[in-house]
Amino acid sequence: MKYRGDYVQSKRVVASSILAALVFVGLICVYYGSFFAPQFREKEDFDGVDPVIGRVRAGEDDSGEGVRVIDAPSKDEESGFDSSDFDGLLPDQQSSETYRTIPVCVARLSELIPCLDRNLHYQLKLKLNLSLMEHYERHCPPQVRRYNCLIPPPPGYKPLIRWPASRDAVWKANIPHTHLATEKSDQNWMVVNGDKINFPGGGTHFHYGADKYITSLAKMLKFPDDNLNNGGNIRNVLDVGCGVASFGAYLLPLNIIAMSLAPNDVHENQIQFALERGIPSALGVLGTMRLPYPSRSFELVHCSRCRIDWLQRDGILLLELDRLLRPGGYFAYSSPEAYSQDEENLKIWNDMNDLLKRMCWKVRSKRDQTVIWVKPMRNSCYFARAQGTQPPLCTSDDDPDAAWYVPMKACITVYSKNMHRAKGSGLVPWPQRLSTPPPRLQELNISNEEYLEDMEIWRWRVTQYWKQMKAEVQRDTFRNVMDLKANLGGFAAALNDKDVWVMNVIPVNESTKLKIIYDRGLIGTVHDC
């Protein structure tokens with residue numbers, strides 16, 4: 001094949017570099033437990049890594065000079081930043097030379113998430129609207145407040161339990177938070193058993209198991225064989241307020257992948273548990289900014305035992321879900337408003353139902369505490385509404401796929417002409433969806449031939465990577481994988497037969513490609529990496 005010849009000559013160099021990089025990532029996964037580890041400079045060689053304490057000796061750049069590391073600033077009295085947050089440096093740093101090794105942060109920063117650091121918010125006196133959840137959104141530190149050190153694992157950290165056993169148990173030392181186990185003890189979220197934390201698969205709304213609850217949703221929708229994947233037509237799910245992500249965990253055997261979303265709130269970092277378990281998830285909140293996903297990304301949005309005020313700001317949070325749902329997509333919702341007969345909850349239910357009718361959603365099924373709405377397949381209902389009906393349609397200059405630090409908008413995003421004409425997204429069922437060129441490729445001026453060639457290139461590359469790593473790793477060595485420049489998702493697609501999941505990251509300046517990744521039945525996010 002033509003492309004293969006292009007790679008054969010440099011195969012050994014490429015494979016060796018990738019092997020070194022992947023083994024390094026593997027060590028981080030083993031000792032740190034998730035893909036939220038600190039990112040290092042892209043160097044082919046390091047002088048040495050201690051995977052336990054995390055110290056890395058800086059390598060050399062192309063000129064032969066050592067990598068320079070900016071000295072940590074001293075204490076800032078006003079902000080509270082203190083260079084004592086850095087551990088001791090390696091011996092050669094005590095010389096007068098400008099070359100530095102990368103220090104390790106102090107232990108109390110073992111769970112630092114720089115852009116989601118509420119201590120930073122207080123110290124910088126940010127004026128955030130707590131009622132709108134702004135304090136759970138991203139607010140990154142200024143340059144002077146950025147830690148230039150490696151995040152250490154917590155004391156006593158153990159090599160993580162490997163998938164699939166990790167779905168049901170993690171080491172307590174790796175995530176030393178047991179508050180949830182006490183608070184949710186009657187709901188089977190998690191149970192502390194000696195040096196492990198077990199996850200029975202329960203939740204606030206599904207005490208007796210997420211698997212039984214998922215089957216009940218399929219029955220409500222009358223899907224074949226009571227299978228929520230509906231013959232491969234339900235693939236991408238957004239779980240809002242996911243807790244420890246047991247709902248998403250029990251979707252995986254059904255070939256459904258969920259982006260499990262929760263903030264780092266008073267329940268501690270629930271997403272940290274999810275990632276340690278090996279479940280696809282991300283920190284996030286429905287606040288003031290759009291979620292970092294393109295329009296028409298999910299077939300189903302789920303919110304169990306919801307405590308979200310969907311009526312606030314003219315229904316702006318429901319309109320954000322509307323942006324993210326595909327034509328004919330479902331919103332599965334459980335909350336007291338859906339079943340309680342007291343005056344307050346009845347009013348909320350009636351107001352919410354009225355809003356969704358004006359958004360052209362219809363109740364597909366309602367049973368006990370759960371209701372499932374469905375979106376229209378076409379624009380016809382939107383254009384048939386009476387003039388002046390609220391919420392309005394978004395203006396033609398609004399880009400529904402723009403999602404990086406873009407404020408939410410209280411308007412309805414109509415379908416493109418192609419989606420309207422096709423009466424849907426035009427996507428084939430999973431698993432054929434993974435390799436079939438999606439209709440939205442034409443919006444990027446990418447031909448089917450280019451798409452298929454990229455897919456074949458990545459199949460070949462991953463085969464070579466795996467051959468090179470065969471002596472170093474086992475099949476279950478990796479679980480959480482991040483592709484920092486995912487392009488069209490070819491790398492993740494080529495890993496589909498492995499027991500891994502991939503967070504496909506698209507740089508902001510290439511963000512239009514993220515919708516192709518979702519149209520393939522994969523997940524990802526946009527970022528300014």
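**Disulfides, core, strands and a helix**

Q: Which cysteine does a disulfide join to Cys115?
A: Cys140, with S to S at 2.0 Å. A disulfide here is a pair of cysteine sulfur atoms within 2.5 Å.

Q: What sort of model is this, and how are residues numbered?
A: It's a predicted model, where local features need pLDDT of at least 70 and side-chain atom pairs count only at pLDDT 80 or more, while totals for chains, interfaces and linings use all residues. Residues are numbered from 1 along each chain as its sequence is written, and side-chain values use heavy atoms, leaving out hydrogens and water.

Q: Back to Cys115 and Cys140: what's the handedness of the link?
A: Right-handed, with 110° about the S-S bond. The pair links distant parts of the chain, 25 residues apart: Cys115 is in the loop between α2 (11-32) and α3 (118-123), and Cys140 is in the loop between α3 and β1. Helices (H or I, at least four residues) and strands (E, at least two) are DSSP runs, numbered from the N terminus.

Q: Are those two buried or exposed?
A: Cys115 is buried at 14% relative accessible area, while Cys140 is partly exposed at 34%. Buried means under 20% relative accessible area, exposed over 50%, and partly exposed in between (1.4 Å probe, protein chains only).

Q: How many disulfides turn up in the whole structure?
A: Five. With the bonded cysteines numbered in sequence order, the pairing goes 1-4, 2-3, 5-6, 7-8, 9-10.

Q: What about Cys360 and Cys381?
A: Their sulfur atoms sit 2.1 Å apart in a disulfide. The torsion about that S-S bond is about -85°, so the link is left-handed. Cys360 lies in the loop between α9 (343-358) and β9, and Cys381 in helix α10 (residues 380-384), 21 residues apart. Cys360 is buried at 5%, whereas Cys381 is partly exposed at 34%.

Q: Switching topic: which residues have the most contacts inside the largest nonpolar core?
A: Leu228, Leu238, Tyr293, Trp310, Leu321 and Phe331, in a core of 97 residues. A nonpolar core is a set of buried Ala, Val, Leu, Ile, Met, Phe, Trp, Tyr and Cys residues joined through side-chain atoms within 4.5 Å.

Q: What does Leu321 touch?
A: Leaving aside residues up to four places away in sequence, Leu321 touches Leu238, Val240, Leu286, Val301, Trp310, Phe331 and Trp361. Contact means heavy atoms within 4.5 Å. A second, separate core of ten residues includes Leu180, Ala181, Met190 and Phe199.

Q: OK, strands. What's the order in the open sheet of three?
A: β1-β3-β2, with antiparallel pairing. β1 (169-171) and β2 (191-193) are the edge strands, each pairing on one side only. Two strands pair if DSSP finds at least two bridges between them, and three bridges join β1 to β3 (residues 196-198). Ala169 has Asn198 as its bridge partner in β3.

Q: And where is there a positive phi in the hairpin of β9 and β10?
A: At Asp368 in the turn, at about 55°, with two residues between the strands. β9 (residues 362-367) and β10 (residues 370-374) are antiparallel over five bridges, and Ser365 partners Ile372 in β10.

Q: Last one: what span should helix α12 have?
A: 32 Å for its 22 residues (448-469), and the end C-alpha atoms are 32 Å apart, which agrees. The expected span is 1.5 Å times one less than the number of residues. Its buried residues include Tyr451, Trp458, Trp460 and Arg461.
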